[in-house]
Each structure stands twice: as C-alpha cells, then as structure tokens.
Amino acid sequence: MGVGVDAAPAALFSADDERWMRRALELAAHARDAENEVPVGAVLVSAESAIGEGWNRNIVLNDASAHAEILALRAAGQQVGNYRFPGATLYATLEPCAMCAMALVHARVGRVVYAAADPKTGAAGSVFDTLVSPLHNHRIEVASGLFADESASMLREFFRSRR
C-alpha cells in the first residue's frame, strides 16, 4: 500500500483500522497525562486482537529504547511466546523512528499504520524508507495519515506546554 507521508484518503482504512488507531491515541494520551511522557501510543494487532500495547516511557524508565512501538513488541512477545509476528499490524500515533522500524522488520510485522508523519526522524517514508527497503529480507506494508491531525495536535500541544 505504501501511501507515503501525506494524509491518506479514508477509503484506505477500515473500521478496524480506525478502532485500533483510536486505542493507540488513548495510549498516547495516557503517556502524556499519567506519566508526562511524549504522547505516542502503539498497538500490535493479530487475528483481530490486541496482542501488545505500549506508550512512550523513555523518561519514566530511563531507557532510550522505551518507545511505544518497542514496548508493544515486548508485550506481544511475552503474550504469544515469540518475537516474530507475521501478518500482524502495528498501529502507531507517530511514524516509527529508525530503531523502531528495524525492530518491526526483525519482528516480521506485516503492516504498519501510523497517524502523524515525523519529518525529523521518521523511518517509514519521511526521512528514511526502512520499512520497505529492498536491502532487508522483509518488507512491511505501510499506510499513513489515519487521524494524523489529532495525533499531530496532541504532540504540538505537549511540546508547546513545555516551552
């Protein structure tokens, strides 16, 4: 699908896509409200069920790798007893960075749907094309722009309140 970094037409997304992205947005709000973290949330879905959820916890855990996507992958690994998730879809409120993108490639995730593009560090088309690179032995279908304005607004307001 690889629709790039612009907001995608609603027809590209199903009701399930909307449902899971809404859940990711709830997790992003939790990061912001409960832990004063950058509001990013992620949900890994397989066979129509959430198998892993995460939100940014870099500050709380003193861990540079504690991004929402990584924590969702870790939670899913614990739940299913494996580190690979063929056919699964990851919903993230922000375009994955290079670290998260490579973890998703190694985990053999089938699809990534993200809300807001990250023009500084995005690795799903904005800055890097890590998820679809022919240099890797696995490529991930990418769809972007689902609830992008809502996610981008949450991020802008978060950083504006800290200036």
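Helices α3 (68–80) and α4 (98–106) pack at an angle of about 25°, and their axes lie 9 Å apart. Axes here are lines fitted to C-alpha atoms, for helices over the stretch in contact, with angles running from 0 to 180 degrees between N-to-C directions. Helices and strands are DSSP runs numbered from the N terminus (helices H or I, at least four residues; strands E, at least two). The pair α3 and α4 is therefore roughly parallel. Angles under 35 degrees count as roughly parallel, over 145 as roughly antiparallel, 65 to 115 as roughly perpendicular, and the rest as oblique. The model is a predicted one, in which local features need pLDDT of at least 70 and side-chain atom pairs count only at pLDDT 80 or more, while totals for chains, interfaces and linings use all residues. Residues are numbered from 1 along each chain as its sequence is written, and side-chain values use heavy atoms, with hydrogens and water left out.

The crossing of α3 and α4 is left-handed, meaning that the near helix is turned anticlockwise from the far one by less than a right angle; clockwise would be right-handed. From α3, the residues E69, I70 and L73 meet M99, C100, A103 and L104 of α4. Contact means heavy atoms within 4.5 Å. By class, this contact of α3 with α4 has 6 nonpolar residues, 1 charged and no polar. Ala, Val, Leu, Ile, Met, Phe, Trp, Tyr, Cys and Pro count as nonpolar; Asp, Glu, Lys and Arg count as charged; the others, Gly among them, count as polar.

Helix α4 has four buried residues: C100, A101, L104 and V105. Buried means under 20% relative accessible area, exposed means over 50%, and partly exposed lies in between (1.4 Å probe, protein chains only). An α-helix has 3.6 residues a turn, so residues three or four places apart point the same way. The cover over the buried residues of α4 includes α3, β3 (89–94) and β4 (111–116). Just after α4, R108 takes a positive phi of about 60°.

In α1, R22, L25, A28, A29 and R32 meet E150, S151, M154 and F158 in α5. The contact of α1 with α5 has 5 nonpolar, 1 polar and 3 charged residues.

Several loop residues were also examined. Most residues other than glycine have a negative phi. N36 is partly exposed, at 44% relative accessible area. N62, in the loop between α2 and α3, has a positive phi of about 50° and is not a glycine either. N62 counts as exposed, at 72% relative accessibility.

H67 also lies in the loop between α2 (58–61) and α3. Not counting residues up to four places away in sequence, H67 touches N56, N58, C97, M99 and C100. V127 is in the loop between β4 and β5 (141–144) and is partly exposed, at 37%. V127 and C97 are 30 residues apart in sequence and 9.1 Å apart in space, C-alpha to C-alpha.
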